[in-house]
Amino acid sequence: MARRNLNDLLAFVTVAREGSFTRAAATLGVTQSALSQAIRGLEERLRIRLLTRTTRSVAPTAAGERLARLLEGPRQVPHL
């Protein structure tokens, strides 16, 4: 169960970053259908919509943006 949750969170972050199920699926090496099911399952378990989907675009909701920022962590700036 924990592995599925981590995989679903990785899937979510990838879709949010890519802005596309097609590009995210290619990046993760899974089908668009599997990716969509993973995101849908995550949203159901969390009981919140994370992504707004249209036929041409995908964008994180406000809750999705907050979760993506939490999961991606602080940005590291290299020391020069």
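These legends go with a set of close-up views of one predicted model.

Residues are numbered from 1 along each chain as its sequence is written, and side-chain values use heavy atoms, with hydrogens and water left out.

View 1. Reading from the N terminus, the elements go α-α-α-β-β-α. Helices (H or I, at least four residues) and strands (E, at least two) are DSSP runs, numbered from the N terminus. The radius of gyration is 13 Å, close to the 12 Å from the globule rule for 80 residues, so the chain is as compact as a globular protein of that length. For the record, that radius is taken over C-alpha atoms, and the rule is 2.2 Å times the number of residues to the power 0.38. The C-alpha trace spans about 45 × 25 × 25 Å along its principal axes.

**View 2. Here is the chain's surface, with its charges.** The accessible surface comes to about 5,800 Å², and carbon and sulfur atoms own 55% of that; areas are from the Shrake-Rupley method with a 1.4 Å probe, and for residues only the protein chains shown count as cover. Buried residues make up 31% of the 80, where buried means under 20% relative accessible area, exposed over 50%, and partly exposed in between (1.4 Å probe, protein chains only). There are 13 positive and 6 negative side chains, and the centres of the two sets sit 1 Å apart. Lys and Arg count as positive, Asp and Glu as negative, while His and the chain ends are not counted. Each charge is placed at NZ of Lys, CZ of Arg, CG of Asp or CD of Glu.

**View 3. Helix α1 covers residues 2-18.** Its 17 residues reach 24 Å from first C-alpha to last, close to the expected 24 Å at 1.5 Å a residue; the expected span is 1.5 Å times one less than the number of residues. Asp-8, Ala-11, Phe-12, Val-13, Thr-14, Val-15 and Ala-16 are the buried residues in α1. Their cover includes α2 (21-28), α3 (32-46), β1 (51-53), β2 (58-60) and α4 (62-72). Ala-2, also in α1, counts as exposed at 55% relative accessibility.

**View 4. Asp-8 sits in helix α1.** With 7% relative accessibility, Asp-8 counts as buried. Setting aside neighbours within four places in sequence, Asp-8 is in contact (heavy atoms within 4.5 Å) with Ala-38, Ile-39, Leu-42 and Arg-45. Across the chain, 42% of contacts between residues at least 6 apart in sequence join residues at least 24 apart.

**View 5. Past the end of α1 come Gly-19 and Ser-20.** Gly-19 follows the helix and has a positive phi, near 70°. Ser-20 is in the loop between α1 and α2 and counts as buried at 12% relative accessibility. Not counting residues up to four places away in sequence, Ser-20 touches Val-15 and Val-58.

**View 6. Arg-47 lies in the loop between α3 and β1.** Arg-47 isn't a glycine, yet its phi is positive, at about 60°. At 77% relative accessibility, Arg-47 counts as exposed.
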